[in-house]
Amino acid sequence: MHDEPVNRLERRKQRTRAALIQAARGFIASGKTNVPVLEITQAADVGMGSFYNHFDSKEELFEAAVADVLDNHGALLDQLTGTSDDPAETFARSFRLTGRLFRRRPQESQIILASGLNLMSSDRGLGPRAQRDITAAAAAGRFTVDDPKLAMAVAAGALLGLGKLLQDEPERDDAAAADRVTQDVLRLFGLPADEAHDICTRPLPGLDDAGEERFR
């Protein structure tokens, strides 16, 4: 019988932490990272004391918020790209899907763009997955790259550039733009043009389970 109060307390602590992270995500996405802790706790609707029960500083909270976004993104990519035996296609799927997410998940995308090239060295999210797939595709002879880390730098720059362009030009077709950039990156990595085009015109899995519309 003593477990129930403990479980209730733990759930309340989890809700408080989640509220703080969600508030921090909003501030990061809007570029307001200089806000005081009090403003963050007010946005999360929690007390100042509750903040310090979970985080030692505002910086620690913001790091946790970015990690939360990257973990969610990584889990989503794992869910949607795990059905291909071809590492080149797996890489392309992740790239094409992430390109579409710039519009479909604007807050997360703002955080990714704000984090910029730091994501290349992160052990969370798209970065380590792209590095894994580039390395595997090179080992399998699918990509003709002799330096996977350098190839990763090229891919990251292309992806962030795509995200910024889609942000600046809301009228641009995000799916077509994502597929075109992915195709160009595949060709740069050594795939023949016709094969790169074929991979980038294959149907993508939907996000029905995540409450998203089906990708076109």
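Q: What is the mean pLDDT of the chain?
A: This is a predicted model, where local features need pLDDT of at least 70, side-chain atom pairs count only at pLDDT 80 or more, and totals for chains, interfaces and linings use all residues. Residues are numbered from 1 along each chain as its sequence is written, and side-chain values use heavy atoms, leaving out hydrogens and water. The pLDDT is the predictor's confidence in each residue, from 0 to 100. Here 91% of the residues reach 70 or more, and the mean is 85.

Q: How many helices does the chain have?
A: Helices (H or I, at least four residues) and strands (E, at least two) are DSSP runs, numbered from the N terminus. Reading from that end, the elements go α-α-α-α-α-α-α-α-α-α. With 0 strands, the secondary structure comes to 10 helices.

Q: What percentage of the residues count as buried?
A: Buried means under 20% relative accessible area, exposed means over 50%, and partly exposed is in between (1.4 Å probe, protein chains only). Of the 216 residues in the chain, the buried share is 46%.

Q: How many salt bridges does a search of the whole structure find?
A: A salt bridge is a side-chain nitrogen of Lys or Arg within 4 Å of a carboxyl oxygen of Asp or Glu. One of them joins E169 and R172, with the closest N and O atoms 2.8 Å apart. E169 is partly exposed at 25% relative accessibility, and R172 is partly exposed too, at 35%. The whole search finds 16 salt bridges.

Q: Why does the salt bridge between R25 and D68 tie together parts that are apart in sequence, and how many residues apart are they?
A: The closest N and O atoms of R25 and D68 are 2.9 Å apart. R25 sits in helix 1 (residues 3-29) and D68 in helix 4 (residues 58-81), so the pair links parts whose separation in sequence is 43 residues.

Q: Which helix holds R96, the salt-bridge partner of D179?
A: The closest N and O atoms of D179 and R96 are 2.7 Å apart. D179 lies in helix 9 (residues 174-188), so this pair ties together parts 83 residues apart in sequence. D179 is buried at 15% relative accessible area, and R96 is buried at 4%. The helix that holds R96 is helix 5 (residues 87-104).

Q: Which residues does A43 touch, not counting residues up to four places away in sequence?
A: You'll find A43 in helix 2 (residues 37-44), and it counts as exposed at 51% relative accessibility. A43 and A24 are 19 residues apart in sequence, yet 8.7 Å apart in space, C-alpha to C-alpha. With those sequence neighbours left out, A43 touches A23 and F27.

Q: What are the spans of the C-alpha trace along its principal axes?
A: Residues 24 or more positions apart account for 67% of the contacts with a separation of 6 or more. Along its principal axes, the C-alpha trace spans about 60 × 45 × 35 Å.

Key:
Contact means heavy atoms within 4.5 Å.
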